[in-house]
Amino acid sequence: MNVAYKEEIINVHPYESIIKTIEMMNELERESLKDVGFIDFVKNNFSFLINEKNILIKSNQIHTWIYENLKYVKDNYDETLISPRLLIFFRQGDCDDFAMLTKTDRKSTRLNSSHIPLSRMPSSA
């Protein structure tokens, strides 16, 4: 792995709040949107969606690409966040990684998107 990317895989410890996790996700997304490689990925895979008016078509195309090109793998730690610009190369991650990539792709194709944190308390598991 390229040394410059090592800081983009972040372990989130269980004692940290969901707000901290969302903040980290947003930072990883912002960095991805500045990355030339990620911008090229979006152009190569989703540029035809930029002028698409139907948000369902846009959303479906992004979801289909993720479903067909990425493999779900469970985190080895409590929580590992993989930057969207790395996920497109690793081609595997878990649900929060897919959510970050989806949100970042949606933003790059001019679709509004935000994280909706869903969580359950440990006692309800």
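## T109 and its surroundings

In this predicted model, a polar atom of the T109 side chain lies 3.1 Å from the backbone oxygen of R106. T109 itself sits in the segment after α5. Is T109 buried or exposed? Its relative accessibility is 0%. Buried means under 20% relative accessible area. T109 therefore counts as buried.

Which residues does T109 touch, once neighbours within four places in sequence are set aside? The contacts are F46, L49, I50, K58 and I62.

## The α1/α5 pair

Helix α1 covers residues 18–34, and helix α5 covers residues 95–108. Their axes come within 10 Å. The crossing angle is roughly 45 degrees. Angles under 35 degrees count as roughly parallel, and those from 65 to 115 as roughly perpendicular. The two helices, α1 and α5, are therefore oblique to each other. The crossing of α1 past α5 is right-handed.

On the α1 side, the contact is made by M25, N26, L28, E29, S32 and L33. On the α5 side, D96, M100, K103, T104, K107 and S108 take part. Sorted by class, the contact of α1 with α5 holds four nonpolar, four polar and four charged residues.

D35 belongs to the loop between α1 and α2, the latter spanning 36–46. What is the relative accessible area of D35? The value is 11%. With the cut-off for buried at under 20%, D35 is therefore buried.

The D35 side chain reaches the backbone nitrogen of F38 at 2.9 Å.

## The chain as a whole

The protein chain has five helices and four strands. Read from the N terminus, the order of elements is β-α-α-α-β-β-α-β-α.

The chain has 125 residues, and 36% of them count as buried. T109 and D35 are among the buried residues. How much of the contact pattern joins residues at least 24 apart? Among contacts between residues at least 6 apart in sequence, the share is 60%.

Note on methods
Residues are numbered from 1 along each chain as its sequence is written. This is a predicted model: local features need pLDDT of at least 70, side-chain atom pairs count only at pLDDT 80 or more; totals for chains, interfaces and linings use all residues. Side-chain values use heavy atoms; hydrogens and water are left out. Axes are lines fitted to C-alpha atoms, for helices over the stretch in contact, and angles run from 0 to 180 degrees between N-to-C directions. Angles under 35 degrees count as roughly parallel, over 145 as roughly antiparallel, 65 to 115 as roughly perpendicular and the rest as oblique. A crossing is left-handed if the near helix is turned anticlockwise from the far one by less than a right angle, and right-handed if clockwise. Contact means heavy atoms within 4.5 Å. Ala, Val, Leu, Ile, Met, Phe, Trp, Tyr, Cys and Pro count as nonpolar, Asp, Glu, Lys and Arg as charged, and the others, Gly among them, as polar. Buried means under 20% relative accessible area, exposed over 50%, partly exposed in between (1.4 Å probe, protein chains only). A polar contact is a pair of N or O atoms within 3.5 Å; within protein, one must be able to donate a hydrogen and the other to accept it, and residues adjacent in sequence count only if both atoms are side-chain atoms.
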